[in-house]
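Dear colleague,

Please find below the structure that I am handing over to you. My notes on what was found in it follow directly after.

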Amino acid sequence: MSKTFTSGLAPGALPLLGHARQLRRRPLRFLESLPGIGDLVEIRLGRERVYVPCHPELVRQVLTDDRTFDRGGALQDQFFELFGDCVATATHHGHRRQRRLIQPAFHHDRLDGYAPVVEADAAALPDSWREGQTFDLFPVLYTFTLRSVIGMLFSDRVDEATMDEVHRLFLAMTGGVAPRHGVARLIRRPGPAEGRRRWAAHQLRGTVDRIVADYRRAGETGKDMLSALLAARDEDGERLDDTEVRNQAIIMLAAGSHSPATVLTSVFYLLAEHRAAEHRLHREVDAVLGGRPARWTDLPDLAFTGRVITETLRLYAPAWTIFRKTTREVRLAGRDLPAGATVLVVPLIPHRRDDLFEHPRAFDPDRWRPECDSAAQRGAFKAFGGGARKCVGDVLGMAQLKLVVATIASRWRLECLPDARVRPPAGAVAPPPRYLPVRLVERRR
C-alpha cells in the first residue's frame, strides 16, 4: 500500500524576509521542526516559495529524477561564474556527459594511484605536531586537505613551486585561509574583496591552463587525477576539451578540500565530547596500526573508524543544502509545483528523524553495525547526495577520511579547550564551529 504524503506551510514567515531569520539564527532547530508540519513543507526565502521534502521517499524522488528536478537555485549563477561549466554546475544534459567522462578518474583501479599521496600527507601531518601545542583545528585541517587534493590532481608532473601557486590562488579565490561557510562564502559581494577574488580566479584558471597544456604535450600516462581526466573517452571517442578539464580540476579542488576538512573537524569534536567512542577508536587503531601511520591496505580493518565517520556525516553532513529547480509542472506529495519552482533538499532532515533513527541527536557509531544498519537508515542517508548527481568521489573521500582519522588517532588525542565557540557561524547548520581550539596530547599506548 503506497503512502499518502502530507504537505504544509511553515509558520512564522515575516514580510519581505520570509523564514530568513529562523534559518540564520537557529537553522537546525527550524529545519528539524519541518517534518512535524508535513512530508513536503513550503518555506519562504525572502518572497520566494521554496519546497522542502522531509520524507526520505520524497528526497529520493527529487534526487533521482534530475530531468524534472534539475540543477538550479539561488547560487547557480554565482557558482557558474566562479567555476565555469563543470560537473557541479552543469544542467541535466551537460551533466550526464561530463559525469561519464570524469567517472574514470574515480574508478577503483585509479584509487591505488592516489594512495601514496594520501598516505604521505596523512603521515606528515601528525609528525609536524608537538606535545601541548594548541591551535584552531579547522584552518589546520583545511590547509592539509587542500594540499592533499592538489597532490592527487597534479602529483606526476608539477613542481612544488607550481603547487604552492595553485594553493595560494585557490585560497585567494575563496576569500581567505579557511572559509568557514564553504561554497556559501563564494557569493558575490561588491567592493575590493570581490575584485581580489575575481583576479585570483582569473590567475588560477591561467595557471591550471598551463598545467593542462604541459600534460597534453607530455602524454596521458600519469597516475594522478589530471592524467585520468585527460585520458577519459566516452563510447563515441569524445573527450573533455582543455577548458572543461581545467574547470573540472578547479571544482575538484573545492570539493576535495572544504568538505573533508569540515568532516574531520566534526569527527574530532565529537570524539572529544564522547570519550567512550574515542577509547574504542584508539583500541582499534592500536590493534591495526601498532603506532605507525595508516596505509591504504589497512582500510578494511578499520571498521569502527568508518562507523565514526558515517555517524558524523549523519549528524553533520557538510553539504547541507541541495537546491533544485523544476523543469516542468510536477506533482509532489499531492501538490502541483509549477515549472521553475525551487526545491531545497536538506540531508540533515531525514538524518535526524526519530522514526528512522533511534535517539537521532545522539552520536552512536554502532547504529551502523551490519546487524543494526537497516534499509530504512541507508535509504535516508544522503550525506553524499543521490541519483546521477551523487558525489562522484564518495568512495575516495571515505577512504581518505578513514586513513587520516586513524593516522592522527594513532598518535594524538585532541582536547577541546574551554574557550571553544562551538555554535556554528550564523547561517550554517553544522560544524566547523566558529572557533575550535584544541590541545595536543601525545598518546601512550
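The model is a predicted one. I begin with a pair of strands: strand 5 and strand 11 (residues 437-442) are paired in the antiparallel sense, over 3 bridges. Within this pairing, Thr134 has Arg439 of strand 11 as its bridge partner.

These strands belong to an open sheet of 3 strands, whose order is 5-11-10 and whose pairing is antiparallel. Strand 5 (134-136) and strand 10 (412-416) are found at the edges; each has a single partner strand, so one side of each has no neighbour in the sheet. From one strand to the next, the twist averages 35°. Helix 17 (residues 394-411) lies across strand 10 and strand 11, and its direction is at about 90° to strand 10.

The second topic is a pair of helices. Two packed helices are described by the angle between their axes and by the distance between those axes. For helix 12 (residues 258-273) and helix 13 (residues 275-289), the axes come within 5 Å and cross at roughly 110°. Angles of 65 to 115 degrees count as roughly perpendicular, and helix 12 and helix 13 are therefore roughly perpendicular to each other.

Which residues meet where helix 12 and helix 13 are in contact? Helix 12 contributes Leu271, Ala272 and Glu273, while helix 13 contributes Arg275, Ala277, Glu278 and Leu281. Sorted by class, this contact has 4 nonpolar and 3 charged residues, and no polar ones.

Yours sincerely,
A colleague

Methods
Residues are numbered from 1 along each chain as its sequence is written. This is a predicted model: local features need pLDDT of at least 70, side-chain atom pairs count only at pLDDT 80 or more; totals for chains, interfaces and linings use all residues. Side-chain values use heavy atoms; hydrogens and water are left out. Axes are lines fitted to C-alpha atoms, for helices over the stretch in contact, and angles run from 0 to 180 degrees between N-to-C directions. Helices (H or I, at least four residues) and strands (E, at least two) are DSSP runs, numbered from the N terminus. Angles under 35 degrees count as roughly parallel, over 145 as roughly antiparallel, 65 to 115 as roughly perpendicular and the rest as oblique. Contact means heavy atoms within 4.5 Å. Ala, Val, Leu, Ile, Met, Phe, Trp, Tyr, Cys and Pro count as nonpolar, Asp, Glu, Lys and Arg as charged, and the others, Gly among them, as polar. Two strands pair if DSSP finds at least two bridges between them.
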